[in-house]
Amino acid sequence: MGTWTPTAAGLVPAGLTQSAARGGIGESVRRPDGALKVTGAFAYSSDLWHRDMLWGRILRSPHAHARILAVDVSAALALPGVHAVLTHDDLPAAQKTYGLELADTPVLADGVVRHHGEPVALVAADHPETARRAAELIRVDYRELPVVTDEASATAPGAVVLHPDRDDRHAYRAPHPNVLHRQPIVRGDVAAAARRADVVVTGDYEFGMQDQAFLGPESGLAVPAADGGVDLYVATQWLHSDLRQIAPVLGLPEEKVRMTLAGVGGAFGGREDLSMQIHACLLALRTGRPVKIVYSREESFLGHAHRHPARLHYEHGATRDGRLTHVRCRIVLDGGAYASSTAAVVGNAASLGIGPYRVEDVEIEAIGLYTNNPPCGAMRGFGAVQACFAYEAQMDRLAAGLGMDPVELRRINAMRQGDLMPTGQRVDSPAPVAELLRRVRDMPLPPPLDTEDPDIRDLPGGLANTSHGEGIVRGIGYAVGIKNVGFSEGFDDYSTARVRLEVVDGEPVAMVHTAMAEVGQGGVTVHAQIARTELGVEQVTVHPADTQVGSAGSTSASRQTYMTGGAVKNTCGAVRERVFAAGRRRFGGDRPAWGGAGLRLDGGKVVTADGEVLATLAEVLEGEEPIDLELEFRHRPTEPFDPVTGQGFGHVQYSFAAHRAVVDVDVELGLVKVVELACAQDVGRALNPLSVVGQIQGGTVQGLGIALMEEIRVDPATARVLNPSFTDYLVPTVLDAPAVPVDLLELADPHAPYGLRGVGEAPTLSSTPAVLAAVRQATGKALTRVPVRPEHIVD
Amino acid sequence: MEFLRPGCWEEALAAKAEHPAAVPLAGGTDVMVEINLGHRRPGHLLDLGRIGELSEWEVGEREVRLGACVPYARIVGELGRELPALALASRAVASPQIRNRGGVGGNLGTASPAGDAHPALLAAGAEVEVESVRGARRIPIDEFYTGVKRNALRPDELIKRVHVVRATGPQQFSKVGTRNAMVIAVCSFGLALHPGSRTVRTGIGSAAPTPRRAAEAEAFLAGALAEAGLWESRRAVPPSVAKRFAALAAGACSPIDDVRGTAGHRRHAVGVMARRTFLWAWEAYRNGAEGAA
Amino acid sequence: MMRVGFTVNGVRRTADGVWEGESLLYVLRERMGLPGSKNACEQGECGSCTVRLDGVPVCACLIAAGQAQDREVRTVEGLAEGGEPASVQRAFLDAGAVQCGFCTPGLLVAADELLERDTAPSDADIREALSGNLCRCTGYEKIMDAVRLAAARRREAV
């Protein structure tokens, strides 16, 4: 983060200082890192440089499942400029595996590789080209093994078992060792309810493997330290989670692994798992030199966990008046070769599996598989995305079966505050599902296509000149979704904030120090806003994020503004109390108002509830030690889902968004242009409206991506990735992106700081099914799989 | 690796003669990808960027002499009237940044069936001027593509320019990709009406091992147009003719399934593009246009 | 290994010991201390490394270092005017067009070039000009806003 100064002691990042007379919560304050980012001065993890730095490189398996018979590194080591070559045998500690939840992932392959691209050996060299050539010279003898790639092959009699000696906490519940986790949810009496249904619709759906495709490649710099430890500068989503996994495999105590967040070029879940962190540290410790690793794009596609592909089976029933009687569903998520966060994704898919609807009688089963496909884990929407695609398709199918307007069917069944989730959890804050649908439906529609003299850039196909208006049909579709905010199922989710308040040159200045990973979402902006609001100061410095302060938890699950924002608010409140105490000590004898309730800090002054100024902050703090507090903040506790019934108060908060998609489809060629994706979302309270709208628009277009073009293609015969590049993994360009008008609803959640609701993920859910619904309307095709490819529309 | 920087064409030919395995480097939009990704480590890179004449074009009476390194962006901006299909294809190439660097010489040198320029060159009619220290020759475009990513160049030869027939009638180009910009062709189609010779030429991209013409479709259309006297009357073409032309164009494909598309969709889409591009071009012809629709 | 020299942001620079396969992007980032141009795909499919070569926007990852010899290169570090952010840079900040910011340098260079040759681009013109620059965070709406804003401000300033 910020600018970096290389010194003898390593890299010293500067904090981000912003001074604003206004700029509290609720305002669209500009990013404090913005000036650095538009001038090219912001130091991303791939930009770091150090004197005597070496380049690290990872040799990866070309096979998805193979036994390693022998590894010969002698030719690589003999290459001039090569400083180290490491294999599994060189790992320094007894702990040789790591993982977010289960430590099932080898740091370097231990005799067997379980997916295409698994790391096998490491090289450190004086130039990237030297490192590449050395990696090529490492001779690895593989004996290929059969692969399992889906539920049928993974659970077939005699199927190879990926992790035969499982003793993890999910193993006892798993029906097969290749099933990592299974979560059923049962409520009511589905069989009886089904008999009341006038219309029943079923569907089988398939969701392709999406990639986060953040632009900044995995990268970082490890610098060996004089104390035998290592300083690691890296782009990640959760410093302390990395630290917990890194230190044991280095054989170092955590205090000897000092981590600092480098600039992060996007994340979207793809940096929750470790990538190059341990590898760079191992090479740095072995060579005694700073080591930088930067993934290539191909390596990035092979080297991080993707969004789980899924197969989903649904049955929905309703009475003739459109009331849902029951839902049955089964969701199969492919977790690939290692656990990553699959178990939590399964919990999300199950508990959010029927969407934001009131249904008394429900049977849900979600499972996560171990296969030889690429590992899958966290991506924006986390299990709820796959389910939303399917249940919203079902709602449209049901509406068709009932002869009812799809929005009206959703309105009739829309969840409201006080309703029960399938898990039995009561939704105890606003749930404006019907209102959000009404709002997107009532937004003005974009004008019809100009068929007289269309600009090809506005048409499906764009610059490729495939249509001058012929073959194009417009479609409109709606969808709504529900996402949990924060970590669920009893996880002790907390964040830490350190706040320091002092007077410098007569001015009160605040410093906020957290370990929150700023990945682009704008947390640093919001922290400064919160400090201004809570402490009444203008100048706030956001300290670089590092492990010298307590954990902030992950920048994921839409949780950071709630959790670390909440922590900053909480610590600021305690600092404020110290200010009042100091004021009472100094001036309380003369002014009884110091003892009154409702004191606040505003405009650099201590002010009573009636607006009377008691003193300036400078007067109170002059000559005092800086007030410097570090406190933890927790949301209310959740509980695990029951292993058999799935019942439990599992989620902290819910967030809701609805979309209306307008598309133009070239029905002869199967090409789609999304004209508009209107979104309405309840954000509780928009702490920074500009950032909130940016999050919604970005999430919306990621949802468009999986609807129409994004997919990691894996050869089912070999489990090899076929398209690890931006040439063939297509993310939307600006000519694919529609207008995204956003309508913000702000209904406070009484349990959350400022009433806010996490915003980042919900728009990624409903975007995809809305686009699909619109394409279905335009084409009349069932389209049960995403991404939709041209041949699905045409065939 | 050695970086060769010839200052003129003769030096380039001499360098290529001395190092026949040297890889010519122009816009870099193919070669540098292979180097960055570690797929290729040539002993010599032969930078053609300093040879000014390769970035020049000249309009003659019958043809445009197009330097191998004239970037696509300039073809779009400067040659839309003379080479309408190629200009349309050029605008569909990759991204603005690539269009600022890449040129037709690179497309021809790589000879990927997905290269966007090929269908336009096949439709317009062209000859590729290649040269070595042994001498120069002109290879008809129909004989240039010899296999998947293979062409008729000899190891010591370099592509100097392309002689593209100037448009005497409307031309079109379409390409199907799964994104609305910056996408490699799933398949593509070029079409040129040649009213002078009463012929129609076509080019199919990315639906066969090499770029190719739809010869049977061309012959059918020429016959149908002549038979009904449509070149002279400039009347509308019966739908059955357009439909048959489309079917024959689709039939000229020998596509494969790959990560970008299926064989079936490629064949189908070529048919749709053939029909549409022909109808656009014919409409322009009926309206008296000489350039692109 | 070779020596390469060219002008960057108005200053003549040279680099020694350059491997012949190195790209201009690598030389800028790793040898000249100019990491503003970003490395996101190294195959011309993302636009993050967009720089101007003799005035023309190109992907620096696809220029061999030797091809830049004696040419003029302008990077995002050279956009600011007299230490002040250029109008297009200010517009990106004001419009909220920056999130993670990794695509920002390339987009700024491309947008700046567009506005230099077209003071009143249509939305379709902006989209076409920026279609070689991927952004994964914003969904492009705020980027469109930023370019419209920069264009309007430039027109007002004239």
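Predicted model: local features only at pLDDT ≥ 70, side-chain atom pairs only at ≥ 80, totals over all residues.
1. Start with chain A against chain C. The contact draws 62 residues from chain A and 50 residues from chain C. Together they bury about 4,300 Å², with carbon and sulfur atoms giving 57% of it. On the chain A side, Val38(A), Leu215(A) and Val734(A) lose the most area to chain C, and together they make up 18% of what that side buries.

2. The A–C interface has 7 salt bridges, and one of them joins Arg136(C) to Glu710(A), with the closest N and O atoms 2.6 Å apart. Helix H1 (34-39), H3, strand E17 (291-294) and helix H16 (689-708) of chain A each put at least two residues into the side that touches chain C. H16(A) supplies the largest share, 8 residues. By class, that side of chain A has 31 nonpolar, 19 polar and 12 charged residues.

3. Is Thr104(C) buried or exposed? Its relative accessibility is 1%, so Thr104(C) counts as buried. This threonine belongs to helix H3 (residues 104-117) of chain C. Setting aside neighbours within four places in sequence, Thr104(C) touches Phe92(C) and Val98(C) in its own chain, plus Lys37(A) and Val38(A) across in chain A.

4. Now chain A against chain B. Here 38 residues of chain A meet 30 residues of chain B, and the buried area is about 2,900 Å², 52% of it from carbon and sulfur atoms. The count of salt bridges is 5. One of these pairs Glu668(A) with Arg276(B), at 2.8 Å between the closest N and O atoms. On the chain A side, the elements giving two or more residues are helix H3 (128-137), strand E32 (671-682) and helix H18 (790-794). The residues on that side split into 16 nonpolar, 10 polar and 12 charged.

5. Last, a sheet within chain A. It is open, has 3 strands in the order E9-E5-E11, and pairs antiparallel. Strand E9 (112-113) and strand E11 (139-144) are the edges, each pairing on one side only. Strand E5 (residues 66-72) is joined to E11(A) by 6 bridges; to find your bearings, the bridge partner of Ala70(A) in E11(A) is Asp141(A).

Key:
Residues numbered from 1 in each chain as written. Chains lettered and ligands numbered in written order. Heavy atoms only, no water. Contact = heavy atoms within 4.5 Å. Buried area = accessible area lost by both parts, 1.4 Å probe. Salt bridge = Lys/Arg side-chain N within 4 Å of Asp/Glu carboxyl O. Helix = DSSP H or I, 4+ residues; strand = E, 2+ residues; numbered from the N terminus. Nonpolar A, V, L, I, M, F, W, Y, C, P; charged D, E, K, R; others polar. Buried < 20%, exposed > 50% of the residue type's maximum accessible area, 1.4 Å probe, protein only. Pairing = 2+ DSSP bridges.
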